[in-house]
Amino acid sequence: MANINSGILRIGGSSNSDAEDFTAVTKFTFHELAAATGNFAPESLLGEGKYGRTFRGCLKSSGQVVAVRQVNEQSISNVYRYLDQSMSSTIHLHSLLHHPNIVDMIGYCVDGDQIFFVYNFMPLGSLKDHLHDLPPNKKPLDWNTRMKIAAGAAKGLKYLHKKSDPQVIHGNIKPSNILLSEGYQPKLSDFLGFKERIPESDESNHARIFSSQCYRHAPEFYMKFKLTQQSDIYSFGLVLLELISGRMAQIRPSLIEWAKRKLVGDREFTTVADPLLKGHYPEQGLYQALSLADSGN
């Protein structure tokens, strides 16, 4: 396996270009991040996902609390073998994204065959932590908070699709990639999922394989293996349905099929609502949210 520095970090994959330093983000040393996380101590571990592990840290230079994502070599190779962009251009792209509902990348570090991304720390974790598999002593999200999270995530997605330059497809919208800051302010995350928009006039067959979780991709994704803005909207609709129902999208039958069965034969639409809400929601608001979720799917 090639060392990261041998090409993945070069703009556009060019072999005659050195790794780029970006003024918008800080290039950290490995020793700085090791010191921040207590040498990546187990007690600093926030979570582990498909692409690597995330640690809580405190930068010694500023005292700022951060999240440090350690991505392993195999994950990088698996993602970027399918892309027509380099890791360096992706870092550059992410450094240009600034919105209240997008997680800010503070910096990065390359050390041998490892790469680290440094983000603002989100004290409330992810939406998944507050929506699925709640321990008995944890209070479920109320209706207004759920809709606040949905509205904020939608604003972040609209920014990526319409207002960022270049326009961006997220490619991996799901509860674990919606992080929550103070006051349950949602912020879209998952750095490796961001991808520059493919022009609609581009007829080439670009495979975009970011996740084995096929139930979150729009059906048309599997016709040409191209992520589009509509793919993101489909995934957002699933998240909205999860917020409404409290049900995980991957449980069989699929969340969409489950909701359709609940609503067949003019059954009361309130049967789709999360039982943990105990009826504490406006029926008109529930109906509108269901209609919006259905429009995305």
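This is a predicted model: local features need pLDDT of at least 70, side-chain atom pairs count only at pLDDT 80 or more; totals for chains, interfaces and linings use all residues.
Two strands are said to pair if DSSP finds at least two bridges between them. Residues are numbered from 1 along each chain as its sequence is written. Local features need pLDDT of at least 70 and side-chain atom pairs count only at pLDDT 80 or more, while totals for chains, interfaces and linings use all residues, and side-chain values use heavy atoms, with hydrogens and water left out.

On to the other partner of β4. Strand β3 (residues 52-58) is joined to β4 by 7 bridges, and the two run antiparallel. They make a hairpin with 6 residues between them, and Gly63 in the turn has a positive phi of about 80 degrees.

Phe55 belongs to β3 and faces Val68 in β4. With 1% relative accessibility, Phe55 counts as buried. Leaving aside residues up to four places away in sequence, Phe55 touches several others, among them Thr37, Phe40, Leu45, Val66 and Val68, where contact means heavy atoms within 4.5 Å.

Now for the whole sheet. It is open and has 6 strands in the order β1-β5-β6-β4-β3-β2, with mixed pairing. Strands β1 (26-27) and β2 (45-49) stand at the edges with a single partner strand each, so one side of each lacks a neighbour in the sheet. The partner of β1 is β5 (residues 105-111), joined by 2 bridges and running parallel; here Thr26 stands opposite Gly107.

Then there are the helices. The axes of α7 (residues 229-245) and α9 (residues 283-295) come within 8 Å and cross at roughly 150 degrees; axes are lines fitted to C-alpha atoms, for helices over the stretch in contact, and angles run from 0 to 180 degrees between N-to-C directions. The pair is therefore roughly antiparallel (over 145 degrees; under 35 is roughly parallel, 65 to 115 roughly perpendicular and the rest oblique). On the α7 side the contact includes Gly237 and Leu240, and on the α9 side Leu286 and Ala289.

Note on methods. Helices (H or I, at least four residues) and strands (E, at least two) are DSSP runs, numbered from the N terminus. Buried means under 20% relative accessible area, exposed over 50%, partly exposed in between (1.4 Å probe, protein chains only).
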